[in-house]
Amino acid sequence: MHLPVILATDDRFAMACGVVMHTSMRSTSAPIRFALFHAGVSTENLARLKRIVASRADCQLQLIDADETLRPLPLPARSDLYSRMIYA
């Protein structure tokens with residue numbers, strides 16, 4: 001049975017998301033299934049996150065593109081700090 005870990009990120013917080021994944025995998029020997037809601041994450045950062053999870057054969061990563069779902073929502077008042085992923 002996999003431990004479920006649900007994350008949401010945009011490109012600005014992809015590195016922090018990777019830290020959560022790496023730390024989670026180092027903190028338990030149990031297999032983990034990561035569900036990652038993402039919007040606006042660069043292909044380079046998605047590749048990095050995939051490599052982190054692939055470093056353990058018993059862990060899985062499900063990528064869920066939230067761009068289409070969040071697009072109709074208004075930008076947050078401080079869009080210089082926050083993206084629509086704040087709604088996730």
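# Notebook: a predicted β-α chain

**Confidence first.** I began with the scores: the protein chain averages a pLDDT of 89, and 85% of the residues score at least 70. For the record, pLDDT is the predictor's confidence in each residue, from 0 to 100. This is a predicted model, so I note its rules: local features need pLDDT of at least 70, side-chain atom pairs count only at pLDDT 80 or more, and totals for chains, interfaces and linings use all residues. Residues are numbered from 1 along each chain as its sequence is written, and side-chain values use heavy atoms, with hydrogens and water left out. I then checked the elements of the protein chain: H2 has the highest mean pLDDT (98), and helix H3 (residues 67-70) the lowest (76).

**Counting elements.** I found 3 helices and 3 strands in the protein chain. Both kinds are DSSP runs numbered from the N terminus, helices being H or I with at least four residues and strands being E with at least two. Along the sequence I read the pattern β-α-β-α-β-α.

I went through the bridges next; two strands pair if DSSP finds at least two bridges between them. E1 and E2 are joined by 7 bridges, and Leu 7 has Leu 36 in E2 as its bridge partner. Strand E2 (residues 32-38) is joined to E3 by 6 bridges, and there Phe 37 stands opposite Ile 64 in E3.

Contact means heavy atoms within 4.5 Å.

**A closer look at H1.** Which residues of H1 are buried? My list reads Ala 14, Cys 17, Gly 18, Met 21, Ser 24 and Met 25. They cover an arc of only 130° around the axis, so they sit on the same side of H1. That arc is taken from the directions from the helix axis to the C-beta atoms. These buried residues pack against E1, E2, H2 and E3. On the face turned away from the buried side I noted the exposed residues Met 15, Arg 26 and Ser 27. My cut-offs: buried means under 20% relative accessible area, exposed over 50%, and partly exposed in between (1.4 Å probe, protein chains only).

**Cover elsewhere.** E2 is mostly covered, with 5 of its 7 residues buried. Over the protein chain, buried residues make up 32% of the 88 residues. Pro 4 has its place in strand E1, and I log it as exposed because its relative accessible area is 65%. Pro 4 and Arg 33 are 29 residues apart in sequence, yet 5.0 Å apart in space, C-alpha to C-alpha.

Among contacts in the protein chain between residues at least 6 apart in sequence, 72% join residues at least 24 apart.
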